[in-house]
Amino acid sequence: MSFVERLLRGVFAAMLVVVAFAMLPNSADAQSPPAAAGLEPLTIVTASGRHAFQVEVMRTPDQRARGLMHRQFMPADRGMLFDFKQVEPVAMWMQNTYISLDMLFIRADGTVARIAERAEPLSTRTIPSGEPVLSVLEVNAGIAEKLGIKPGDKVEHPLFKR
């Protein structure tokens with residue numbers, strides 16, 4: 001085999017390795033919190049005061065289906081707000097979700113209807129809203145207890161001003 005043939009084979013093999021690595025999913029993307037540009041302010045008003053969060057808002061069926069799946073971490077002041085577009089009974093689950101979460105089921109007027117605390121990661125058990133709601137807010141497990149969030153508390157976000 002000539003020098004040129006060996007060189008071409010080596011270049012071809014190197015290109016295959018580069019292409020193979022480029023096709024691998026970037027696990028850092030799946031674990032990283034979203035860029036700040038996609039975050040919106042949200043406040044939860046409790047007996048202990050006002051608690052500010054930055055949330056991703058899931059507005060489409062595909063976004064709602066994906067949610068926090070495959071994330072390994074979420075900062076304490078972050079959350080994910082699911083906009084169901086209409087008031088209806090909803091159910092959530094934790095499939096492919098690695099972070100334990102508190103789920104706040106929220107009525108159209110922004111009041112908390114129900115709280116499901118410390119949802120089990122990776123579980124396919126459904127977690128029902130208990131009544132028709134417009135939205136669900138997911139925050140890190142233990143936040144509801146730490147901040148004293150209770151049913152009847154108010155969530156402030158433009159979603160609840162329609």
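This is a predicted model: local features need pLDDT of at least 70, side-chain atom pairs count only at pLDDT 80 or more; totals for chains, interfaces and linings use all residues.

Residues are numbered from 1 along each chain as its sequence is written, and side-chain values use heavy atoms, with hydrogens and water left out.

Helices (H or I, at least four residues) and strands (E, at least two) are DSSP runs, numbered from the N terminus, and two strands are said to pair if DSSP finds at least two bridges between them. β5 and β8 pair in the antiparallel sense, and β5 is also joined to β6, again antiparallel.

| Strand pair | Direction | Bridges |
|---|---|---|
| β5 and β8 | antiparallel | six bridges |
| β5 and β6 | antiparallel | five bridges |
| β1 and β9 | antiparallel | three bridges |

Between β5 and β6, I106 has V112 as its bridge partner, and the two strands form a hairpin with five residues between them, where G110 in the turn has a positive phi of about 90°. These strands belong to an open sheet of seven strands with mixed pairing, in the order β6-β5-β8-β3-β2-β1-β9. Its edge strands are β6 and β9, each of which pairs on one side only.

In a regular strand the side chains alternate between the two faces of the sheet. Both faces of β5 are covered, with L101, M103 and F105 on one side and D102, L104 and I106 on the other, and all of these are buried, where buried means under 20% relative accessible area, exposed over 50%, and partly exposed in between (1.4 Å probe, protein chains only).

A nonpolar core is a set of buried Ala, Val, Leu, Ile, Met, Phe, Trp, Tyr and Cys residues joined through side-chain atoms within 4.5 Å. The largest such core has 20 residues, of which L42, I44, F53, L81, L104, L137 and I149 touch the most other members. Apart from it lies another core, of 19 residues, among them V90, M94, M103 and A119. Contact means heavy atoms within 4.5 Å, and, leaving aside neighbours within four places in sequence, L137 is in contact with residues including L42, I44, L81 and L104.

T43 is buried because its relative accessible area is 17%.
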